[in-house]
Amino acid sequence: MNPLSHLLPELKSGLVALGLPPQPLAGRLLDYLALLERWNGTYNLTAIRDPREMLSKHLLDSLSMWKHVQPGKLADLGTGPGLPGIPLALAVPGLQVTLVESISKKCRFLREAVRQLGLDNVRVLDARAEAVDEPGAYDQITARAMDTLAGILAVGDHLLSPGGRLLAMKGQYPEAELAALPPGWRLESVQPLAVPGLEGDRHLVTITRDPPQAA
(Lines give C-alpha, C1' and ligand atoms only; values in the text may rest on other atoms or scores of the structure.)
Protein backbone atom coordinates (compact mmCIF):
# COMPACT_ATOMS: atom_id res chain seq x y z
CA MET A 1 0.00 0.00 0.00
CA ASN A 2 1.25 3.47 -0.86
CA PRO A 3 2.32 5.27 2.36
CA LEU A 4 0.87 8.50 0.97
CA SER A 5 -2.58 7.06 0.16
CA HIS A 6 -4.16 9.56 2.59
CA LEU A 7 -3.32 12.25 0.00
CA LEU A 8 -5.25 10.51 -2.78
CA PRO A 9 -8.56 12.44 -2.35
CA GLU A 10 -6.70 15.77 -2.43
CA LEU A 11 -4.72 14.73 -5.49
CA LYS A 12 -7.81 13.54 -7.34
CA SER A 13 -9.60 16.80 -6.56
CA GLY A 14 -6.64 18.78 -7.88
CA LEU A 15 -6.51 16.75 -11.10
CA VAL A 16 -10.23 17.29 -11.72
CA ALA A 17 -9.73 21.05 -11.17
CA LEU A 18 -7.01 20.98 -13.84
CA GLY A 19 -9.25 19.10 -16.27
CA LEU A 20 -7.37 15.81 -15.99
CA PRO A 21 -8.97 12.38 -15.46
CA PRO A 22 -8.05 11.19 -11.95
CA GLN A 23 -7.94 7.50 -12.90
CA PRO A 24 -5.44 5.93 -13.32
CA LEU A 25 -3.30 9.08 -13.25
CA ALA A 26 -3.67 9.82 -9.52
CA GLY A 27 -2.32 6.45 -8.45
CA ARG A 28 0.74 6.69 -10.70
CA LEU A 29 1.48 10.24 -9.56
CA LEU A 30 1.20 9.14 -5.95
CA ASP A 31 3.68 6.32 -6.61
CA TYR A 32 6.10 8.90 -8.00
CA LEU A 33 5.53 11.18 -5.01
CA ALA A 34 6.18 8.36 -2.53
CA LEU A 35 9.41 7.49 -4.33
CA LEU A 36 10.47 11.15 -4.31
CA GLU A 37 9.78 11.50 -0.61
CA ARG A 38 11.72 8.33 0.21
CA TRP A 39 14.78 9.29 -1.81
CA ASN A 40 14.65 12.90 -0.67
CA GLY A 41 15.64 11.91 2.86
CA THR A 42 19.03 10.71 1.62
CA TYR A 43 19.66 12.55 -1.64
CA ASN A 44 18.18 15.99 -0.84
CA LEU A 45 16.38 16.19 -4.18
CA THR A 46 14.07 19.03 -3.17
CA ALA A 47 13.96 21.50 -0.29
CA ILE A 48 10.27 20.75 0.20
CA ARG A 49 9.92 17.93 2.75
CA ASP A 50 6.20 17.75 3.47
CA PRO A 51 4.41 15.39 1.02
CA ARG A 52 1.23 17.49 1.04
CA GLU A 53 3.28 20.53 0.10
CA MET A 54 5.02 18.49 -2.61
CA LEU A 55 1.61 17.53 -3.98
CA SER A 56 0.61 21.14 -4.67
CA LYS A 57 4.00 22.78 -5.26
CA HIS A 58 5.47 19.98 -7.39
CA LEU A 59 2.82 17.69 -8.90
CA LEU A 60 -0.12 20.02 -9.47
CA ASP A 61 2.12 22.96 -10.31
CA SER A 62 3.88 20.89 -12.98
CA LEU A 63 0.58 19.67 -14.40
CA SER A 64 -0.98 23.14 -14.57
CA MET A 65 0.68 23.55 -17.99
CA TRP A 66 -0.51 20.24 -19.48
CA LYS A 67 -3.11 21.73 -21.87
CA HIS A 68 -0.38 23.74 -23.60
CA VAL A 69 1.96 20.78 -24.16
CA GLN A 70 1.62 19.06 -27.52
CA PRO A 71 2.35 15.41 -28.31
CA GLY A 72 5.87 14.93 -29.64
CA LYS A 73 9.36 15.25 -28.20
CA LEU A 74 9.96 17.44 -25.17
CA ALA A 75 13.26 18.13 -23.39
CA ASP A 76 12.93 19.14 -19.72
CA LEU A 77 16.08 21.15 -18.95
CA GLY A 78 17.45 21.18 -15.42
CA THR A 79 14.67 18.82 -14.45
CA GLY A 80 15.93 18.15 -10.90
CA PRO A 81 13.83 15.27 -9.55
CA GLY A 82 11.80 15.14 -12.79
CA LEU A 83 9.64 18.24 -12.65
CA PRO A 84 7.66 18.96 -14.73
CA GLY A 85 8.81 16.18 -17.06
CA ILE A 86 7.63 13.08 -15.20
CA PRO A 87 4.11 14.35 -14.33
CA LEU A 88 3.68 15.56 -17.93
CA ALA A 89 4.89 12.22 -19.30
CA LEU A 90 2.21 10.51 -17.21
CA ALA A 91 -0.55 12.95 -18.16
CA VAL A 92 -0.06 13.79 -21.86
CA PRO A 93 -0.63 10.95 -24.35
CA GLY A 94 1.91 10.79 -27.15
CA LEU A 95 4.54 12.82 -25.30
CA GLN A 96 8.16 11.62 -25.42
CA VAL A 97 10.16 13.26 -22.62
CA THR A 98 13.92 13.62 -22.21
CA LEU A 99 14.94 14.60 -18.68
CA VAL A 100 18.16 16.65 -18.80
CA GLU A 101 19.98 16.93 -15.48
CA SER A 102 23.67 17.51 -14.71
CA ILE A 103 23.69 16.40 -11.04
CA SER A 104 24.45 12.69 -10.96
CA LYS A 105 22.58 11.87 -7.72
CA LYS A 106 19.42 13.34 -9.22
CA CYS A 107 19.96 11.28 -12.37
CA ARG A 108 20.19 8.13 -10.25
CA PHE A 109 16.80 8.95 -8.78
CA LEU A 110 15.36 9.75 -12.21
CA ARG A 111 16.48 6.42 -13.66
CA GLU A 112 14.98 4.57 -10.71
CA ALA A 113 11.70 6.49 -11.07
CA VAL A 114 11.56 5.70 -14.79
CA ARG A 115 12.20 2.02 -14.02
CA GLN A 116 9.72 1.69 -11.17
CA LEU A 117 6.96 3.63 -12.92
CA GLY A 118 7.50 1.80 -16.22
CA LEU A 119 7.87 5.04 -18.17
CA ASP A 120 8.82 3.83 -21.63
CA ASN A 121 8.22 7.37 -22.97
CA VAL A 122 10.93 8.92 -20.74
CA ARG A 123 14.72 8.92 -21.05
CA VAL A 124 17.34 10.46 -18.75
CA LEU A 125 20.42 12.39 -19.89
CA ASP A 126 23.14 13.06 -17.32
CA ALA A 127 24.40 16.26 -18.94
CA ARG A 128 24.26 20.03 -18.97
CA ALA A 129 21.69 21.32 -21.45
CA GLU A 130 24.30 23.09 -23.60
CA ALA A 131 26.27 19.82 -23.92
CA VAL A 132 23.36 17.77 -25.30
CA ASP A 133 24.36 16.98 -28.89
CA GLU A 134 20.88 16.56 -30.39
CA PRO A 135 20.42 19.67 -32.56
CA GLY A 136 16.86 20.30 -33.69
CA ALA A 137 15.60 17.08 -32.09
CA TYR A 138 12.78 18.51 -29.97
CA ASP A 139 9.39 20.06 -30.67
CA GLN A 140 9.37 21.66 -27.23
CA ILE A 141 11.77 22.45 -24.42
CA THR A 142 10.70 23.41 -20.93
CA ALA A 143 12.32 24.61 -17.75
CA ARG A 144 10.45 25.11 -14.50
CA ALA A 145 12.92 27.01 -12.33
CA MET A 146 16.12 27.05 -14.30
CA ASP A 147 16.96 30.59 -15.44
CA THR A 148 15.71 33.69 -17.22
CA LEU A 149 14.09 33.22 -20.63
CA ALA A 150 17.28 34.45 -22.33
CA GLY A 151 19.35 32.13 -20.14
CA ILE A 152 17.25 29.09 -21.04
CA LEU A 153 17.53 29.88 -24.75
CA ALA A 154 21.28 30.41 -24.43
CA VAL A 155 21.80 26.81 -23.27
CA GLY A 156 18.90 25.04 -24.98
CA ASP A 157 17.84 26.74 -28.19
CA HIS A 158 19.97 24.38 -30.32
CA LEU A 159 17.72 21.51 -29.24
CA LEU A 160 14.60 22.99 -30.84
CA SER A 161 13.34 22.11 -34.28
CA PRO A 162 12.70 25.06 -36.63
CA GLY A 163 9.08 25.31 -35.47
CA GLY A 164 9.85 24.39 -31.87
CA ARG A 165 8.73 26.24 -28.75
CA LEU A 166 10.09 27.08 -25.33
CA LEU A 167 7.49 26.55 -22.60
CA ALA A 168 8.78 28.34 -19.50
CA MET A 169 6.98 28.38 -16.16
CA LYS A 170 7.22 31.68 -14.33
CA GLY A 171 5.68 33.35 -11.29
CA GLN A 172 4.67 36.93 -11.99
CA TYR A 173 4.36 38.22 -15.55
CA PRO A 174 8.03 38.36 -16.64
CA GLU A 175 8.02 41.76 -18.30
CA ALA A 176 11.76 42.42 -17.90
CA GLU A 177 12.68 38.96 -19.16
CA LEU A 178 10.51 39.35 -22.23
CA ALA A 179 12.14 42.70 -22.99
CA ALA A 180 15.52 40.95 -22.88
CA LEU A 181 14.72 38.16 -25.37
CA PRO A 182 17.62 37.62 -27.78
CA PRO A 183 17.24 38.45 -31.47
CA GLY A 184 15.46 35.82 -33.51
CA TRP A 185 12.89 34.94 -30.83
CA ARG A 186 9.41 36.26 -30.14
CA LEU A 187 6.67 35.89 -27.57
CA GLU A 188 3.86 33.61 -28.72
CA SER A 189 1.72 33.78 -25.58
CA VAL A 190 1.61 34.23 -21.81
CA GLN A 191 -1.01 32.07 -20.13
CA PRO A 192 -2.00 32.60 -16.48
CA LEU A 193 -2.09 29.27 -14.67
CA ALA A 194 -4.32 28.30 -11.76
CA VAL A 195 -2.69 25.73 -9.49
CA PRO A 196 -5.04 24.01 -7.00
CA GLY A 197 -3.86 24.64 -3.46
CA LEU A 198 -1.41 27.41 -4.39
CA GLU A 199 -1.78 31.15 -4.03
CA GLY A 200 0.18 33.74 -5.99
CA ASP A 201 0.80 34.36 -9.66
CA ARG A 202 1.81 31.60 -12.06
CA HIS A 203 2.31 32.00 -15.80
CA LEU A 204 3.33 29.84 -18.73
CA VAL A 205 5.40 31.76 -21.27
CA THR A 206 5.64 30.35 -24.80
CA ILE A 207 8.52 31.55 -26.98
CA THR A 208 9.06 30.70 -30.67
CA ARG A 209 11.54 31.67 -33.37
CA ASP A 210 10.83 34.68 -35.53
CA PRO A 211 9.44 33.58 -38.89
CA PRO A 212 12.02 33.70 -41.69
CA GLN A 213 12.03 36.93 -43.65
CA ALA A 214 10.78 36.78 -47.20
CA ALA A 215 13.46 37.30 -49.82
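At 39% relative accessibility, E130 counts as partly exposed. Its salt-bridge partner is R128, with the closest N and O atoms 3.0 Å apart. R128 counts as exposed, at 52% relative accessibility. The model is predicted, and the count of salt bridges in it comes to 9.

**Other salt bridges**
- D61 forms a salt bridge with R144, and the closest N and O atoms are 3.0 Å apart.
- This pair links distant parts of the chain, since D61 is in helix α3 and R144 is in the loop between β4 (138-143) and α6 (149-156), 83 residues apart.
- D61 has a relative accessible area of 2%, so it is buried.
- R144 also counts as buried, at 15% relative accessibility.
- E112 and R115 meet through their side chains in a salt bridge of 2.7 Å, N to O.
- Both E112 and R115 lie in helix α5 (residues 104-117), 3 residues apart, which is about one turn of the helix.
- E112 is buried at 19% relative accessible area, whereas R115 is exposed at 58%.

**Helix α3**
- Helix α3 (residues 51-63) is mostly covered, with 10 of its 13 residues buried.
- Among the buried residues of α3 are P51, M54, L55 and H58.
- The buried residues of α3 pack against α1, α2, α4 (85-91) and β5 (160-170).

**Helices α1 and α2**
- Helix α1 (residues 8-17) packs with helix α2 (residues 25-43) at an angle of about 120 degrees, and their axes are 10 Å apart.
- α1 is therefore oblique to α2.
- The crossing of α1 past α2 is right-handed.
- L8, L11, K12 and L15 of α1 make the contact with L25, A26, G27, L29 and L30 of α2.
- The residues of this contact divide into 7 nonpolar, 1 polar and 1 charged.

Terms used. Residues are numbered from 1 along each chain as its sequence is written. This is a predicted model: local features need pLDDT of at least 70, side-chain atom pairs count only at pLDDT 80 or more; totals for chains, interfaces and linings use all residues. Side-chain values use heavy atoms; hydrogens and water are left out. Axes are lines fitted to C-alpha atoms, for helices over the stretch in contact, and angles run from 0 to 180 degrees between N-to-C directions. Helices (H or I, at least four residues) and strands (E, at least two) are DSSP runs, numbered from the N terminus. Angles under 35 degrees count as roughly parallel, over 145 as roughly antiparallel, 65 to 115 as roughly perpendicular and the rest as oblique. A crossing is left-handed if the near helix is turned anticlockwise from the far one by less than a right angle, and right-handed if clockwise. Contact means heavy atoms within 4.5 Å. Ala, Val, Leu, Ile, Met, Phe, Trp, Tyr, Cys and Pro count as nonpolar, Asp, Glu, Lys and Arg as charged, and the others, Gly among them, as polar. Buried means under 20% relative accessible area, exposed over 50%, partly exposed in between (1.4 Å probe, protein chains only). A salt bridge is a side-chain nitrogen of Lys or Arg within 4 Å of a carboxyl oxygen of Asp or Glu.
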